[in-house]
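I opened the model to look up a few local features. My entries follow, in the order in which I took them.

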Amino acid sequence: MRILVTDGMSGSAIAQLRNNGHEVVEQFYEPEELGAALQEFDCVVVRSKTKVRANHIDEAVKGKLKLIIRGGVGVDNIDVAYAEGKGISVRNTPCASSASVAELALGHMFSLARYIGISNATMRSGQWNKKQYEGTEIGGKTLGLIGMGRIAQELAKRAQALGMQVVYTCRSGEKKTLSQYTYLSLEELLKVSDYVSLHIPMPGDKKPVLGKAELSMMKPTAYLINTARGGVVAEDALLDALNDGKLAGAALDVFEEEPTANVALYSHPKVSVTPHIGGQTAEAQGRIGDEIVSIITAF
């Protein structure tokens, strides 16, 4: 196969593909160039930067493209149904980065509880805000998980080991068989949780799962963590809740638009931010590469 890798992949995986007899081209294409380029490849591997939309697929089917692989969990940057309707298979790597994303979410929780992020910023500007940064302990608090897939379950295990009570809800309304955690409705979860972490894909209707009404149900001492998808939380409603004291803080690895231009949000003193690095660990990248090689071999 002739394989295009647009957003990078582990060197060991590329070497393995070449050893297996495939031709691998590493090159990023701007949106207006992508469709024509895809005609020359059997397979394309993307991360989050490259968006494969219907117009690209319309051009790609004039050539030989047969497989699109998203190196990661979410596939909202690919028009999946449209591609598959045109005879192009779409795959992802749902298992590879679960632990990495869970650990980032936990890291953000510590950052919020103990003012780690803002302390770094203020100390570098010469401030010594010892008295202002009285934090709270993670142990004994309630973590509410919206969605209970692989990443959420990895986070739940770590949170429970730290002495947290874990509650969860599923958007489908289907209660999973997880007796070690407590299932609640979304409204109940928002009311009782000290930390709320999202682990769901972008809804089909593209509407936020947490907007003004949902955020108003949370405790004013609670924190919101989003390492899922930017659009699942309404950024304007979140900013209002932080400014009005209806929420103690938030941690965001994902944004409605990326790179984000929402200066008011990412520079807010109650917000801990990272630039969509949930799966950016050496271990996760290695596993993603291995999974991509397996997908291509099986295909």
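**Helix H5**

I started with H5, which is mostly covered, with 12 of its 17 residues buried. Buried here means under 20% relative accessible area, exposed means over 50%, and partly exposed lies in between, with a 1.4 Å probe and protein chains only. I note that this is a predicted model: local features need pLDDT of at least 70, side-chain atom pairs count only at pLDDT 80 or more, and totals for chains, interfaces and linings use all residues. Residues are numbered from 1 along each chain as its sequence is written, and side-chain values use heavy atoms, with hydrogens and water left out.

H5 covers residues 98–114 and reaches 25 Å from its first C-alpha to its last, close to the 24 Å expected at 1.5 Å a residue. The expected span is 1.5 Å times one less than the number of residues. Helices (H or I, at least four residues) and strands (E, at least two) are DSSP runs, numbered from the N terminus. I listed the buried residues of H5; among them are Val101, Leu104, Leu106, His108, Met109 and Leu112.

Next I checked Tyr115, which has a positive phi of about 55 degrees although it is not a glycine. Tyr115 is in the loop between H5 and helix H6 (116–124).

**Lys206**

I found a positive phi at Lys206 too, near 65 degrees, again in a residue other than glycine. Lys206 is in the loop between strand E9 (195–198) and helix H9 (212–215). At 53% relative accessibility, Lys206 counts as exposed.

**Pro259**

I looked at the peptide bond joining Glu258 and Pro259, which is cis, with omega about -5 degrees. Pro259 is in the loop between strand E11 (249–252) and helix H11 (263–266).

**H1 against H12**

At what angle do H1 and H12 pack? I read about 20 degrees for helix H1 (residues 11–19) and helix H12 (residues 282–298), with their axes 8 Å apart. Axes are lines fitted to C-alpha atoms, for helices over the stretch in contact, and angles run from 0 to 180 degrees between N-to-C directions. I therefore put H1 and H12 down as roughly parallel to each other, a label for angles under 35 degrees. The contact (heavy atoms within 4.5 Å) is made by Ala13, Gln16 and Leu17 of H1 and by Gly289, Val293 and Ile296 of H12.

Terms used. Angles under 35 degrees count as roughly parallel, over 145 as roughly antiparallel, 65 to 115 as roughly perpendicular and the rest as oblique.
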